Amino acid sequence: MVHTCNAIFGFRARMSPDGEVSVEREYRIQAPRSLMKRLVEAQKVLRRAQNAYHGSGECKVSEAVGEMTEYFDTAVRSILGQLVEARRDQNDADKRLNDYRAAKTPPDIPNEFEDVDALLDYHHRRQSYEYYLRQYENALKKARKAHADAADQLLLFLPEGAPLRYTYEGERSELFGTEYVIVRKQGEIVIESPSGTAS
């Protein structure tokens with residue numbers, strides 16, 4: 001599902017008790033929740049630009065707009081890093097879950113429990129199996145959500161069918177310098193390694 005970002009512009013009129021009318025411009029942004037923090041920051045920069053214009057002229061406006069552009073560029077680079085990291089986490093979590101399922105099975109239910117100790121032993125082994133299974137499943141679920149969130153944000157910027165060559169520049173040492181090809185295909189983000197493997 002593709003999330004879109006909409007800006008709604010309008011005016012708000014207010015009347016004071018003594019009958020004075022003031023009109024203010026307002027705008028609201030509708031966007032995915034995961035993007036709202038960045039948009040709020042951009043909105044603050046825009047307000048500073050408006051204040052600078054009213055105060056000291058176009059020079060300060062240019063500085064504020066430049067600051068916003070720099071922030072936007074940093075945000076896009078951050079999204080790309082999060083996308084690649086989440087893809088790695090998702091692959092790792094999926095492997096750990098499959099390895100656990102292959103190596104471990106829930107304890108068999110006996111025909112009967114000879115005594116309370118036997119019941120408690122079964123119960124503890126069952127609990128242990130289910131606890132670790134949930135841990136691996138939750139790790140995979142978390143990684144999938146992080147990947148989906150980053151992909152949804154990138155869909156706002158990356159056009160259909162135009163591959164982006166990206167070299168990881170984040171904080172993960174095991175990923176640093178790794179090259180990827182990221183492409184939007186039929187409204188979905190696909191990451192390809194240099195060998196051409198897609199995920």
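Trainee: Which residue stands opposite glutamate 188 in E5?
Mentor: Lysine 185 does. Keep in mind that this is a predicted model.

Trainee: How do E4 and E5 pair, parallel or antiparallel?
Mentor: Antiparallel, over five bridges. Strand E4 covers residues 179-185.

Trainee: And how many residues sit between E4 and E5?
Mentor: Two, and the strands form a hairpin. Glutamine 186 lies in the turn, with a positive phi of about 50°.

Trainee: What is the strand order in the sheet?
Mentor: E3-E4-E5. The three strands make an open sheet, with antiparallel pairing.

Trainee: Which strands stand at the edges?
Mentor: E3, residues 164-167, and E5. Each has a single partner strand, so one side of each has no neighbour in the sheet. From one strand to the next, the twist averages 30°.

Trainee: Back to E5. How many of the five residues in E5 are buried?
Mentor: Four, so the rest of the structure largely encloses strand E5, residues 188-192.

Trainee: New topic: the largest nonpolar core. Which residues there touch the most other members?
Mentor: Leu83, Leu154, Tyr166, Tyr180, Ile182 and Ile189. That core has 17 residues.

Trainee: Which elements give two or more residues to this core?
Mentor: Helix H2 (58-103), helix H3 (116-154), E4 and E5. H2 supplies the largest share, five residues.

Trainee: What is isoleucine 182 in contact with, leaving aside neighbours within four places in sequence?
Mentor: Quite a list. Its contacts include Leu80, Leu83, Leu154, Pro163, Tyr166, Ile189 and Val190. There is also a second, separate core of six residues. Among them are Ala93, Leu97, Leu133 and Leu140.

Trainee: Now confidence. What is the mean pLDDT of the protein?
Mentor: The mean is 78, and 63% of the residues reach 70 or more.

Trainee: Where is confidence lowest, and where is it highest?
Mentor: Lowest in strand E2, residues 21-30, with a mean of 45. Highest in H3, at 95. Over residues 1-12 the pLDDT is below 50. Residues 23-31 stay under 50 as well.

Trainee: How many contacts does the model have for residues 23-31 beyond four places in sequence?
Mentor: There are 34 in the model. But where pLDDT is low, the predicted coordinates should not be read in detail.

Key: Residues numbered from 1 in each chain as written. Predicted model: local features only at pLDDT ≥ 70, side-chain atom pairs only at ≥ 80, totals over all residues. Heavy atoms only, no water. Buried < 20%, exposed > 50% of the residue type's maximum accessible area, 1.4 Å probe, protein only. Pairing = 2+ DSSP bridges. Axes fitted to C-alpha atoms, helices over the stretch in contact; angles between N-to-C directions. Core = buried A, V, L, I, M, F, W, Y, C linked by side-chain atoms within 4.5 Å. Contact = heavy atoms within 4.5 Å. pLDDT = per-residue confidence, 0-100.
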